[in-house]
Amino acid sequence: MGQRIHFVVDPQGWCCMGLIIFVWLYNTIFIPKVILFPHYEEGNISVVAVLCYYFCSLFCIASLFRASVADPGKLPENPKIPITEREHWELCNKCSMMRPKRSHHCSRCGHCVRRMDHHCPWINNCVGEDNHWLFLQLCFYTQILSSYTLILDFCHYYYFLPLRKENWDVFVFRHELALLRLSAFMGLIILGGISRLFYTQLMGIFTDTTSIEKMSNCCEDISRPRKPWQQTFSEVFGTHWKILWFIPFRQRQPLRVPYHFANHV
């Protein structure tokens, strides 16, 4: 069951996503050049530390791109609704289309999304039933990469031995202090924002409630936890294998395939 490509034409979203990519490129280029490679050559850190940094960086950018282009759960036009399931559908008062309950109309994208959590400008896409797991992975690996970068910045000045070989003709070494201060500043800002967002997302999964439902306070029966947390997480990630919850290079397979999912994928 393949995943459709979903591209949102939104200049504001492009700017936000471009800023995220800039921060990722900045730290992926300068941190290894200023800290990892020089200290590895002098034996202050092992090759494992270098590989772990690139591993986190790869998973972070992979989850970002996949979350931004993945179909969040856009409803098809003129869906076929079985008679036995009509009670689980409702009419959208914005696009006048029938949709499953707990769906929401995104005014920025212009269509309804199944189990929509929110529209995120940082990925230029909605966060819905089909890409929520990728958004969670993005938040998780962004926290890991930001924390790792801050630790390296700190250790470079207060823990690692001073570098014996320095090429002062190279731009990055002549502006080392400014580059690392900017890296630490961006790391603190992103880590603070993402940590708060990640916490709210986890609480939403634990209680089986989307962000829109929390803000509207119109689904009291949904806001109460009704399922074990393992089941709610498995439904979001599409697998009971917990190790696969951390892998962005795979296709999500819904544990229970509803009729409206099968019609449009």
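A residue is called buried under 20% relative accessible area, exposed over 50%, and partly exposed in between, with a 1.4 Å probe and protein chains only. The model is predicted: local features need pLDDT of at least 70, side-chain atom pairs count only at pLDDT 80 or more, and totals for chains, interfaces and linings use all residues. Residues are numbered from 1 along each chain as its sequence is written, and side-chain values use heavy atoms, with hydrogens and water left out.

The chain holds nine helices and six strands. Helices (H or I, at least four residues) and strands (E, at least two) are DSSP runs, numbered from the N terminus. Of the 265 residues in the chain, 48% are buried. Contacts (heavy atoms within 4.5 Å) were examined between residues at least 6 apart in sequence; 65% of these join residues at least 24 apart. The accessible surface of the chain is about 14,600 Å², and carbon and sulfur atoms account for 64% of that surface. These areas come from the Shrake-Rupley method with a 1.4 Å probe; for residues, only the protein chains shown count as cover.

Helix α3 spans residues 132-158 and has 27 residues. From first C-alpha to last it reaches 39 Å, close to the 39 Å expected at 1.5 Å a residue. The expected span is 1.5 Å times one less than the number of residues. In α3, 20 of the 27 residues are buried, so the helix is largely enclosed by the rest of the structure.

An unreviewed UniProt entry annotates residues 12-31, 43-65, 138-159 and 179-199 as "transmembrane region". Its positions follow the numbering used here, feature names are shortened, and annotations may be inferred rather than shown by experiment. Residues 138-159 are 95% helix and 0% strand in the model, with end C-alpha atoms 30 Å apart. Residues 179-199 are 100% helix and 0% strand, and their end C-alpha atoms lie 30 Å apart.

Aromatic rings were examined next. A search of the whole structure finds 17 aromatic pairs. Rings of Phe, Tyr and Trp (its six-membered ring) pair if their centres lie within 6.5 Å; planes under 30 degrees apart count as stacked, over 60 as edge-to-face and the rest as tilted. Phenylalanine 37 and tyrosine 54 are stacked, at 6.3 Å centre to centre and 25 degrees between the planes. Phenylalanine 37 lies in helix α1 (residues 11-41) and tyrosine 54 in helix α2 (residues 47-69), so the pair ties together parts 17 residues apart in sequence. Phenylalanine 37 is partly exposed at 35% relative accessible area. Tyrosine 54 is also partly exposed, at 32%.

A tilted pair joins phenylalanine 140 and phenylalanine 198, with 6.4 Å between centres and 45 degrees between planes. Phenylalanine 140 belongs to α3 and phenylalanine 198 to α5 (residues 176-206), so this pair ties together parts 58 residues apart in sequence. Phenylalanine 140 is partly exposed at 27%, whereas phenylalanine 198 is buried at 15%.

Two loop residues show positive phi. Most residues other than glycine have a negative phi. Serine 96 has a phi of about 55 degrees. Its loop runs between β1 (89-91) and β2 (98-100), and serine 96 is exposed at 57% relative accessible area. Asparagine 124 has a phi near 55 degrees. Its loop lies between β5 (118-120) and β6 (125-127), and asparagine 124 is buried at 4%.
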